[in-house]
Amino acid sequence: MIAKRVGGALLTLFLLSLVVFAMSLLMGGDAAEAMLGQNATPEALAGLRAAMHLDQPSWQRYLAWLGGLLRGDLGVSLITKLPVSTLLAPRLLASLQLAGLTAAVSVPLALFLGILAAVRRGSLLDRAISMATIGVVSVPEFVIATLMVLIFAVRLHWLPALSSSRDFSSLHDVVRVFTMPVLCLACVVMAQMIRMTRAAVCDALDSSYVEAARLKGVPPRRLVLGHALPNAIGPIVNAVALSLSVLLGGVIVIEVIFNYPGVARLMVDAVSTRDLPLIQTVAMIFSAAYLMLVTSADIVAILCNPRLRHR
Amino acid sequence: MNTVPKSGVAHEAQALKIRRRRFNVSLLLGGTTIIFWLIVALVGPMVAPHAPGQVVDLDVFSPASSALPLGSDYLGRDVLSRMLIASRFTVSIALLATLLAATVGVFCGLLAASSGWIDAIFSKLFDTLSAVPSLMFGLVVIGSLGASIPVLIGTLATVYSPGAFRTSRALARNIAVLDFVTVARARGETLSYIVLREILPNLVGPLAADFGLRFVFVTLLLSGLSFLGLGVQPPNADLGALVRENIAGLGFGAAAVLVPTFAIASLTIGMNMVIDAVSGGRRAGGRR
Amino acid sequence: MTLSGDPLVRLAGLEISVRDAQGQDKIIVRDISLEVQPGEVLALIGESGSGKTTIALSMLGYTRGACRISGGTVEVAGHRLDGLPEARLRGLRGRVVSYVAQSAAAAFNPMLPIMRQVIEPALVHGLMTREVAEDKARGLFRALALPRPDTVGDRYPHQVSGGQLQRLMAAMALITDPALVIFDEPTTALDVTTQIEVLKAFKAVVRDLGTTAVYVSHDLAVVAQIADRICVLRDGMVQEQGRVEEILFLPRQDYTRALVAAAAARVPAAPMPDLPRDAGDPPLIQMRDVVAGYGGVDAQGNPQVRILGGVSFAIERGKVLGVIGESGSGKSTLARVVAGLHAPASGRVNLDGYTLEGEIRHRDKEQLRRIQLVFQNADTALNPAVSVGEAIGRPLTFFHALRGTDRKAEVVRLLDLVRLPAALAGRLPGELSGGQKQRVNLARALAARPDLLLCDEVTSALDPVVAEAVLDLLIDLRRELGLAYMFITHDIGIVRAIADEVMVLYGGVPVELASHEALEGPLHHPYTRLLMASVPELRPGWLEAANSAFSCGSSAGAGHAAGCRFFQRCAISRPGLCDVLDPAVHVGAGQTIACHLGFDGLQAAPRIAQGAIPA
């Protein structure tokens, strides 16, 4: 069963590589034209095409590209002429730092608030959380970031509006660099997670077995932690995975706004300059990350459920 | 013996009441907001006091005045006029893209629900599409094809058709196993009759809610792309583009940046409120 | 009824109301006053919506959802429960009063092992240590006749059958030696042969421990076995209270009389006179050696998962074939094969001597018209988005090309035929009651003017009094229209009342095919006997008298394995024969039986069975 999930994810990834590669075929002209510009001579173009193997049929190029990806050879950027892996490595690290910090802050907090809202269903607290999350979910990330900059950087001068510094010599610097982007991202990610966690716990609390446990005299804390939560773990893990995948999208806007030197920043620049090898690689990395998240959530849910575990 | 069952039946019928639709504040508020923006998108550009590209003020980011009700932007253009144009871009692109996504998604979803092997193919296909984070997908497409309005609409529709597909497929499959569909099949009804007359009428409500939700997501993604400068391109502008170009005005709280920001928020929050009210708070704010 | 001594439970003027979406309070239970003496079992009986579960739950100081106790008093074992704070109630629930839910399958937490849940009441109230509690639980498992009592606690709920879960739930309720146990329809979801095992176990435990109990049920015959007194409820009010014998044999209220009449064994309907036909005419519908299931079919015509194996029968015009079996016996698949919804892997279905194609799309319209399906659950059988008139009208247009006023007039006639007013034509199914929906469901099938109706459990989702009326209607319609029925049910009482011929299915195989007369005769397949003996009779003491051999076996053994499918549960089986060879079919007068013992062996069997009571 687990093997089936992993196999399914790998198949999706393979199909995805086809889609992403097909995008490059859709692009008007080809990479050689893009590199040499408008007034290149036909001879120069042909030479470059041969050098880049652009004269080969597309399926051969696809295989070469895929093989390169699998070997860790990510190609060469059209614009900077540097290997994509060289460009990517430091950026990826920076992005992972941002994402990791955000996850570390938001997952425990979101689970706590989601469960709390479910347990206190209908209370003032629940309604406040519900209003806040629906508000955050309904608003683009850049609006939240903009408002935060307005409040914390412009009005209160507590934090810098940009996070481009890479100087982590003291804790103070780290806090200054990360607080704003992490806060914004966490806001977006948590809203999703809280809503889904609340729904999952509410479902479990509404079940017959929780009613039966209540009629056994089981106290509230044990009711939630011992009876409802084990059943909600599957959906909650799923919610965490999906929310963290939102992080993958949200990080783009946030990095741009705060001028944070991560992958997303690189990606947006690559799109503006239509640097295709770079775009393709980053897209594949993000998609693989998404699939890994979702698949591991599936596997955790299977392992936690005795009905699926004991066949 | 004969009278008792009848009174039993009468009692049952009496106990069943037609459910009244919840009509509450959030429906009223959300509905009004949505209708307001639809009207703005429809007639806005006709009543705009200035041409959107015309520089009317020497001062940039000037505050609101009687001449310029929303002040001027970073080039000294009339924010009100630009807002009216931008609303039309945002609403119409988002609406068209949602419509396209819903049509494709629902059509494929219904088709998938009625046949095993079509289902297998479509499910894998749409799964693959949704495995790319939505903004990343937009970036890849626009990186390859450039940012024109048709490309934008197509991209947005592609990103959100898997969701519409999944929703309609799940709904249709739940209904397709119900006994009344089996009765129709046993009668020898054609597939198109079963799908159109037996299944579809039961999907209208949930699909409408799903449409609203998807409109919210499309609006958010469109604004996000434009904010990154990869959406609607100058000289045209949508609400996201207005925020982008006037971001410098944020420091002094210029209307040029705040008004489009709040416009996007009111559009999406309003839609969420409507969905929340009509669907009893079950679906709104799902996965982007 | 002894009034001496203090009652254990005393409800006085109890009123429970529910707050609707508009914030209005609506009283759903009013002025309930009743008492339960220590050691007594009181049954609360009534149809759905009578408030019986709501009242029973109030004895735990509990109300569901938006309900609340809005008046009167609830006193259990000296504690006033109404108005008691939640923390105090918690200390009483599971210790002083405990609860056995209708569906133990839903009431057990699927993620936790059974033992942990069974001993939880004892642990949360701090009554005993884990070891003591586990020992006690195993003792209760034994007392409740659970198989493998020492290890069943290590399992998860999904690994245990429904009947066993119900008994495990009772063990959970009894682990704290509570003063009062509430049983909420604990056997309703079970097959009849499982129900009797569970009932016996409950009764033995309640008797041995001297437990005071409130038993909620809609089934008078079940209640007659287990209760000392009955309280009849309707619309949230007490109709009548009294000792079991008083209610059963001397009911005072009209409603109680109707309930008793509906629960009593029906007088069989007058058999239809044979319709004139030539000797050589083929039967209306005939099935020959039909095998059906899922998955690929092998060379012998056997599918991977076999649901039906070698089913043959015939129904003459205007006759009724009753098909009886428990859940999983393949009886619904049988109807789907006839209707063309499930193509058989091998075998034939003939209509008037012509072989029907396996799938609908290969059958012609006339063939489709002549066979119509009526489903159990009218809630799902009617499209909620389609009006009654349109639902009934569609087959008229489809089969008979009726349109406009002709169609309208025919819809009205059909509504009249099922005893419904013409005004209902404009309504949506959601506005109808359960009984009305089932009649519309029937009218839609009749609109095609069929020769054969396939009725799949058409009355089992209805309250007994309403079900009775629908059954009467079916009998009338048959007489008026000369319809043939294939009547699928799990209720042998209904089959006895309506069928000309009965087929008993077990594990997808017909173990017996008997005419109405032969069914009343003495010789039957062991499974048929078990079924007949398992249907509770409407008299106290039946349960004790019903000492025929019951078995511990679970439901039908699936798969291809040769041998009699009933072998594991059969009290008179012959190992070495029954589990090795498929049973031969023995033909008697108006009866065929698939059993290795044959008629002679079965005749001798009752004596064997007396002594053999397997564990």
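## A salt bridge between the ends of chain A

A:Asp298 is partly exposed, with a relative accessible area of 25%; partly exposed lies between buried, under 20% relative accessible area, and exposed, over 50% (1.4 Å probe, protein chains only). Its salt-bridge partner is A:Arg5, and the closest N and O atoms are 3.1 Å apart. A salt bridge here is a side-chain nitrogen of Lys or Arg within 4 Å of a carboxyl oxygen of Asp or Glu. Because A:Arg5 lies in helix α1 of chain A and A:Asp298 in helix α12 of chain A, the pair ties together parts that are 293 residues apart in sequence. A:Arg5 also counts as partly exposed, at 32% relative accessibility. Helices (H or I, at least four residues) and strands (E, at least two) are DSSP runs, numbered from the N terminus.

This is a predicted model, in which local features need pLDDT of at least 70 and side-chain atom pairs count only at pLDDT 80 or more, while totals for chains, interfaces and linings use all residues. Residues are numbered from 1 along each chain as its sequence is written, chains are lettered from A and ligands numbered from 1 in the order in which they are written, and side-chain values use heavy atoms, with hydrogens and water left out.

## Other salt bridges

Over all chains, the structure holds 48 salt bridges. In chain B, B:Arg77 pairs with B:Asp73, with 3.1 Å between the closest N and O atoms, and both residues are buried.

In chain C, the side chains of C:Glu410 and C:Arg449 form a salt bridge (3.7 Å, N to O). This pair links distant parts of the chain: C:Glu410 is in helix α16 (residues 404-417), and C:Arg449 is in the loop between α17 (434-447) and β17 (452-456), 39 residues apart. C:Glu410 is buried at a relative accessible area of 12%, whereas C:Arg449 is partly exposed at 38%. Back in chain B, salt bridges with shared partners join B:Asp73, B:Arg77, B:Arg82 and B:Glu245 into one network.

## The interface of chains A and B

Chain A gives 48 residues to the contact and chain B gives 43, contact meaning heavy atoms within 4.5 Å. About 3,900 Å² is buried between the two chains, 75% of it from carbon and sulfur atoms; buried area is the accessible area (1.4 Å probe) that two parts lose on being put together, summed over both. A:Met23, A:Ser138 and A:Phe142 supply 15% of the area that chain A buries against chain B, more than any other three residues.

## Strands of chain C

Strand β20 (residues 509-515) of chain C has 6 of its 7 residues buried, so it is largely enclosed by the rest of the structure. Strand β19 (residues 501-506) runs antiparallel to β20(C), joined by 6 bridges, with C:Val504 partnered by C:Glu512. The hairpin of these strands has 2 residues between them, and C:Gly507 takes a positive phi near 60°. Strand β22 (residues 591-594) is also antiparallel to β20(C), through 3 bridges; C:Leu513 stands opposite C:Thr592. Two strands pair if DSSP finds at least two bridges between them.
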